[in-house]
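Have the model open beside you as you read.

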Amino acid sequence: MIYLSNQQLQQIHRHAEMTYPEECCGLLLGTLEGDNKRVIDVRETENSWTNEMNENLPNIPSSNQQPLSKKNRFSIDPSVLLEIQKEVRDRSLNIIAIYHSHPDHPPIPSAFDREIAWSDYSYLIVSLRQSKFINIKSWKLKENRHFEEEIITIVA
Ligand SMILES: [Zn+2]
């Protein structure tokens, strides 16, 4: 289960709406107690995807048959990730989740999402239609590299 405040959810929704029609991405920092994750900070990051990155990945076609771009791919710069990893260590927190958006697509992990996913993190996906927020779901990678939905609980 992952716990977020309404304000934190609103921040993610806004970020996704502002970057539409491109995918947004970011990290959720917080605490971890067994399977319970509490979000403390939402950290918006830049989508640093470039098509050259695809050369280092297995050939995964885009689900909508559109050319690869920030509209269907996202990437968080490794140096940004490293900096935030340092910060959470100093604050005795964890990176508990990565979020990104699916412009005009359901909040279901794509083949690409599965390929790049780490089992340490939850994956929150925001679905938008015509730049407006529709839905958000959280996913957790299981042993067989299948995603299982994780319950999002809104706390005050
Ligand atoms: Zn995705």
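Predicted model: local features only at pLDDT ≥ 70, side-chain atom pairs only at ≥ 80, totals over all residues.

Residues are numbered from 1 along each chain as its sequence is written.

Strand E5 covers residues 122-129; strands here are DSSP runs of at least two residues, helices (H or I) runs of at least four, numbered from the N terminus. Six of its eight residues are buried, so E5 is largely enclosed by the rest of the structure. Buried means that 20 or more other C-beta atoms, placed from the backbone, lie within 10 Å of a residue's own.

E5 pairs with two strands, as the table shows; pairing requires at least two DSSP bridges.

| Partner of E5 | Sense | Bridges | Example bridge |
|---|---|---|---|
| E4 (residues 94-103) | parallel | seven | histidine 102 with serine 127 |
| E6 (residues 132-141) | antiparallel | eight | serine 122 with lysine 140 |

Together with helix H3 (residues 111-116), E4 and E5 make a right-handed β-α-β unit: with the strands pointing away from the viewer, the path from the first strand over the helix to the second runs clockwise.

Now look at valine 126. Its contacts (C-beta atoms, placed from the backbone, within 7 Å), leaving aside neighbours within four places in sequence, include Ile12, Tyr99, Phe133 and Ile136.

Methods
Buried ≥ 20, exposed ≤ 12 C-beta atoms within 10 Å, placed from the backbone. Contact = placed C-beta atoms within 7 Å.
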